[in-house]
Amino acid sequence: MPNNEDEILIFEDSEKLSEFIYREKNKGKKIGFTPTMGALHDGHFSLIRRSLAENDVSICSIFVNPTQFNVPSDLVKYPRTIEKDIKGLRDEGCPVVFIPSSEDIYPNGSDYKVEVDLKGLDEMMEGKKRPGHFEGVVQVVKRLLEITSCDHLYMGQKDYQQFTIIKEMIKDLEMPVKLVVCPILRDEDGLAKSSRNTRLTESHRRKAPIIFRVLTQAKDWLSEGRAPVEISMKATEYLNIQDFKPEYFDLIDGHTLEKVRNTDHHALIVACTAVWAGTVRLIDNMILKGEL
Ligand code: AMP
């Protein structure tokens, strides 16, 4: 039986969780699922709130997936705040949390690749900078979807390439789940909420909203008719302040993730960026044209 800490059910065993969900589904209940790596903040909770509003049973998983870290020290440094996370989930009214072990997620080892045609979506931006990252993401999300057999999967627009790849995986593997993409939650000064923000120095934290300001500027530039290449170049220049190092600032087609050259040829255009703030790598994006 799961541990019952007040009103939140905590599962550590995938089989027990699957049995629980099977029973709930047999009663006709709709299942919403939000996968996370913990260190939960309001961005995560916005996904969970949406799940709570749209489903009968909401599940949040907390699993720091080792296979999506291409730099081993990042995995070690990843913040872990499990007690606080459980308390936060309980306060939000999330009824079920799944906290599996690596052995449970990868019973036969993690040294395998999911057979899926991602149509090259994993090759640009984060895929280029973080080799193997999306293979790990696909691996873990596929396994979690199999365990939870949820009706709705909640992911954030914050990780634009990630949700686009998962959408493609769901389509290619014909998985019976609907992906719900939730807007980026930001701090008041515009910085996208992220578990990594806690690792910023005070001075870097103060400067970090420049990312949001430049994304907003890029949107204005596009509406003024400036060329995408020029916008990328200018934005990179603006982000190049002391201690900050922009890695890329791409204007991409929101569906294919290909770089945009001619604005008129694309209904959905997104600016995606990765910026080093000291030793912390921040990613962010903004829809410049069209809607998801
Ligand atoms: P993570 O724990 O970083 O793997 O994130 C879990 C989920 O929360 C992912 O689908 C993220 O896109 C989403 N997420 C993270 N930060 C935000 C945010 N600021 N606003 C909305 N969703 C977010």
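Select the residues that line the largest cavity, and they divide into 23 nonpolar, 18 polar and eight charged, where Ala, Val, Leu, Ile, Met, Phe, Trp, Tyr, Cys and Pro count as nonpolar, Asp, Glu, Lys and Arg as charged, and the others, Gly among them, as polar. The model on screen is predicted, with local features needing pLDDT of at least 70 and side-chain atom pairs counting only at pLDDT 80 or more, while totals for chains, interfaces and linings use all residues. Residues are numbered from 1 along each chain as its sequence is written, and side-chain values use heavy atoms, with hydrogens and water left out.

**The largest cavity**

A cavity here is a set of points, on a 1 Å grid over the protein atoms alone, where a 1.4 Å probe fits but cannot get out, and lining residues have an atom within 4 Å of a point. To find the centre of the largest cavity, select Met37, His44, Lys158, Asp159 and Gln162, which lie nearest to that centre among the 49 lining residues. Colour next the elements that give two or more residues to this lining, namely β3 (31-36), α2 (42-54), α7 (133-148), β6 (152-156), α8 (160-172), β9 (269-277) and β10 (280-289); helices (H or I, at least four residues) and strands (E, at least two) are DSSP runs, numbered from the N terminus. Of these, α7 gives the most, with six residues. The space in the largest cavity comes to about 910 Å³, a volume being the space filled by probe spheres set on the grid points, which are joined across faces, edges and corners.

**Between the domains**

Now colour the chain by domain 1 (3-182) and domain 2 (195-287), whose bounds come from an automatic or database domain assignment. Because both domains give residues to its lining, the largest cavity lies between them. The centres of the two domains, taken over C-alpha atoms, are 26 Å apart, and their contact (heavy atoms within 4.5 Å) takes 19 residues from domain 1 and 20 residues from domain 2. Together they bury about 1,700 Å², 55% of it on carbon and sulfur atoms, buried area being the accessible area (1.4 Å probe) that two parts lose on being put together, summed over both. On the domain 1 side, select Met125, Glu126 and Tyr160, which lose the most area to domain 2 and together make up 35% of what that side buries.

Finally, select Lys158, Leu191, Ala192, Ser194, Ile211, Leu282, Ile283 and Asp284, which line the second largest cavity, with a volume of about 40 Å³. Here β10 supplies the largest share of the lining, three residues.

Note on methods
On a 1 Å grid over the protein atoms alone, a cavity is a set of points where a 1.4 Å probe fits but cannot get out, and a pocket is an open set with protein on both sides within 12 Å along at least five of seven lines; lining residues have an atom within 4 Å of a point.
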